[in-house]
Structures are given as structure tokens and as C-alpha cells.
Amino acid sequence: MKDYRRYSLWLDTVSEELAARPPLQGDLEVDVAIVGAGYTGLWTAYYLLKAAPDTKVAIVEKEIAGFGASGRNGGWCSALFAAGRKKISARYGRAAALAMQQEMFRTVDEVGRVCDQDGIDCDFHKGGTLTLVTSPPQLARVRKGLEEEREWGLAESDYRWLQPHEVSERLRLPHCEGAVFTPHCARIHPAKLVRGLANTVEALGGSIYEQTEATAIRRGVVVAESGTVAAPVVVRATEGYTPDLPGLRRRLLPLYSLMIATEPLSQDAWDEIGWDGCETIHDGRHLLIYAQRTADGRIAIGGRGAPYHFGSRVADDYDRVARIHRALKETLAQLFPAAGAARVTHAWGGPLGVPRDWFSSVGFDSRTGLGWAGGYVGDGVATANLAGRTLTDLILERETSLTRLPWVGHASRAWEPEPLRWLGVNTALKLMASADKKEMRTGRPTKRGDLVKRLIGI
């Protein structure tokens, strides 16, 4: 039997047994078939069953609920959307970009509301996010980002600048030149959320078939080795594992993000660090890092930089890259010297789903009955909830403010064929990492990272 606890801190620290639910055995007919028991698939099932309790919903999952990014992510339920407002505005207009952002703000609270209503204890704590300035070169970038928020009409109640002394009241760092604070983010325990959501879906009447690999998704049917699920509505919710499906190799690119977590820190260490507000944190470097203070007193920190694997391959061996995990440990010690000697108890990773234009999408074709959502680029905790609500409205043919959002029906072009995407993605990752190293070494900003982001369409 596979040891699912080894895949992340989060899966290792859920209280329930991680035994797989029974697989699909034979053929089945339902109203809605969903492939993937992560956040997207489960939220879709949840809202469908809430809106139409008699709907027969079946979810098929290759491993167990929460095996993928939903059980391995950084635990940020944030209002971040993968595509920036400038990109959304350029294609769909300024009003559409603002509507998308406002709905993301509301979605953070919606996740908290459901958890409270349905008794899903996932350590939800809406402490907001701090974007720290931890080196002089980051200052101009972070301040420019805040100016752009003002240009969009977003107020101080949404994003505000904190002076260094204000940051130190929240979080004591060796060096910090300020930060931007937004309240629109909650710290969560990802696996508690996804496992609790799976249990809730079953209580509402949905069926989840685990260790059931979908080998094909076609109009009206999901095909697995052990049987088929026939349904007039079929939803693909496979995110970073989408390239494994026939004909979808270039739809989303699986890009790995890696994490480590410390042992629970002593009270003396927390007295030195602060962080009583449990804000999620990152800083202004080019290659993203992200961190949280967990409910059980650890620091969990993650970052990008792991290589993309030729042919969009996904494998367990790619979850651990020693140099990235070492770099995360070094970053942890730089940010929090009091935690520098703490034992790292967990090191893990997993693939994100990345569209070619970094633009998440959701959609449903009423002619074929095929629906999809994904391409979250690591910002999927809240966005998947919005996807579930939106798919519910689309499937039930309800025209709402959600179905008019600009990501509905958005089509991203396919990724380049190999070896072009392998060369392009890995070169971009190396250039952004080198930009961060150069800024740390010289203390001066470099335009290299911003240039790479423009070239690859971020």
C-alpha cells in the first residue's frame, strides 16, 4: 500500500487514516462525472450538490483525494489570480479585470464561510499577506506594484505600505525596508481542507472512486481501466497532471514547486521572530518564495526553481531536488535566524498547472457537455473554489456575475513542442535565479528578471 503521508507535511499531519476509497469497478451512469479529486473537482461537486441535491455526481481519482497540489501547496487561500490585471484588461477591458479581482477578494471569505458552516477544520486564519522588501533592489519593484494598485483604484484597505518599524511590530527580520500588506489572504492547512471537503461531498451524496485512473475523457464518458462513467456532463479537473491525458500534452505545463517545513519551534524562537498575526509572507525577489506560520508552530516555506522535465513528464522522483531544498533552508535562516538551526522534518514538492499565457480558465461547452477548470500557476486554493461555483452555474445554465467573468471560456494557446518548451522554460528559470543572485551580490536592481517575465508572458 502506498504511503501517502510521505508526500507532504500536510498529508502527514491529517488526523484521519489515508486509506484509499474503493476504486471504480464496472460501468456507471451518473449526471455529472468529474476527473480529479482535488480542490477543483471537489468544489464543483460540493456546489452542484448544494444547488441540486438530486444530482448524481461521481468523481474518479487516480490516487486519493488531495494527492496532487491540493494536498501539497503552500497553504495560501489568497486573492491572487494567475493573470495580472494589465493582461486581463488588454484582452477583456478594465471593468472585467476589476470584476475578476473583486470576486477573488470575495472568494477568500467564501472558503472561510463554507469551512465554518460545514465544520471543515483546516486552520483557516485570515491574517493577510506581507510582501516584504528584504534587499535594496526589491524596494523599487514592490513600491511600483503598490502604485499600480492605486492606479487601479484599490484603496489602502486593500493594499497599504508598511514602514520598517510597522513591519517589525508584526515580524522581526534581520533586514527589512518595508512591506506591502493586504488583508485578502488566509493561512490554511491544505490537506485538512481537501480531505474535509471530500468527506463533505460524500455526506451530500457524491461518490468518490479512488485509485481509479482516467485513461480518456470523451463526450459523455470517462474511461478507466476498471470501467466507464457515462454522464451527459464531464468535467476535467486534473491541473498539473493534465498532460498525461491523451491529446492534452501541450495544454498545461507541469512546473514543480518545492517546500520544506521545520519542526515546531520553541516559544523562545517565536518570541524572537514574532509573527503572531500568522500572515502569509513572500518578498520582492524575481523567483517566488512563499511561507506561513503553521497552526502547530512550524515554518513552512516554498519556492520555485526546480527544473521542468522534458516532455511534460511528472514523477515522484521530481518532488525532491536537493539543491532547491538546501536553498530554501538557507533562505529560511536568512529571514529567520532564530529558526536557522531548527530541524527540517519534511521536504516535498509537486507539479503546478501552467498555461502558455499564465491565464487560468474555466469553461463548459453545453453542446458536448465537457467542462474544465485550471491553469492556476500555484494560485489555486481560492481560485479553485471560484471555479467550482462558476462551473455549477454554467452546468445548471444559470447566467450570473460569475459566468460573465473574463476567465470564463478563455482559451490559451498550446505550449511549444519539444525541445523548445524544455529549453525555453528552464532557461527562463535559470535567468530569474541568476537575477536574484546578482541583486544579492551587488545590491543593485537588474532588469534581467523582468525581461524574462515579459518574454515568457507572465
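What is the handedness of the crossing of α2 and α10? The crossing of these two helices is right-handed. The model described here is predicted.

**Helix packing**

Helix α2 covers residues 39–51 and packs against α10 at an angle of about 40 degrees, the two axes being 8 Å apart. Helix α10 itself spans 380–395.

A second pair consists of helix α3 (residues 85–92) and helix α4 (residues 94–118). Here the packing angle is about 135 degrees and the axes lie 7 Å apart. Roughly antiparallel would need an angle over 145 degrees, so α3 and α4 are oblique to each other. The crossing of α3 and α4 is right-handed.

| Helix pair | Angle | Axis separation |
|---|---|---|
| α2 and α10 | about 40 degrees | 8 Å |
| α3 and α4 | about 135 degrees | 7 Å |

Which residues are joined by a cis peptide bond? The bond links Glu-418 and Pro-419, and its omega is about 5 degrees. Pro-419 sits in the loop between α10 and α11. Helix α11 comprises residues 420–442.

Cys-278 is not a glycine, yet its phi is positive, near 55 degrees. The residue belongs to the loop that runs between α8 (267–273) and β15 (280–283). Is Cys-278 buried or exposed? Its relative accessible area is 13%, and buried means under 20%, so Cys-278 is buried.

Trp-358 also has a positive phi, about 55 degrees, although it is not a glycine. Its position is in the loop between β18 (344–354) and β19 (361–365). With a relative accessible area of 11%, Trp-358 counts as buried, because the limit for that class is 20%.

**Surface patch**

Which residues form a nonpolar patch on the surface? They are Phe-310, Trp-422 and Leu-423, and together they have about 270 Å² of accessible area. Leu-423 lies in helix α11. The relative accessible area of Leu-423 is 42%. This value falls between the 20% limit for buried and the 50% limit for exposed, so Leu-423 is classed as partly exposed.

Note on methods
Residues are numbered from 1 along each chain as its sequence is written. This is a predicted model: local features need pLDDT of at least 70, side-chain atom pairs count only at pLDDT 80 or more; totals for chains, interfaces and linings use all residues. Side-chain values use heavy atoms; hydrogens and water are left out. Patches are made of residues with over 30% relative accessible area and no salt bridge: like charges are joined within 9 Å, nonpolar side chains (Val, Leu, Ile, Met, Phe, Trp, Tyr) within 5 Å. Accessible areas come from the Shrake-Rupley method with a 1.4 Å probe; for residues, only the protein chains shown count as cover. A salt bridge is a side-chain nitrogen of Lys or Arg within 4 Å of a carboxyl oxygen of Asp or Glu. Helices (H or I, at least four residues) and strands (E, at least two) are DSSP runs, numbered from the N terminus. Buried means under 20% relative accessible area, exposed over 50%, partly exposed in between (1.4 Å probe, protein chains only). Axes are lines fitted to C-alpha atoms, for helices over the stretch in contact, and angles run from 0 to 180 degrees between N-to-C directions. Angles under 35 degrees count as roughly parallel, over 145 as roughly antiparallel, 65 to 115 as roughly perpendicular and the rest as oblique. A crossing is left-handed if the near helix is turned anticlockwise from the far one by less than a right angle, and right-handed if clockwise.
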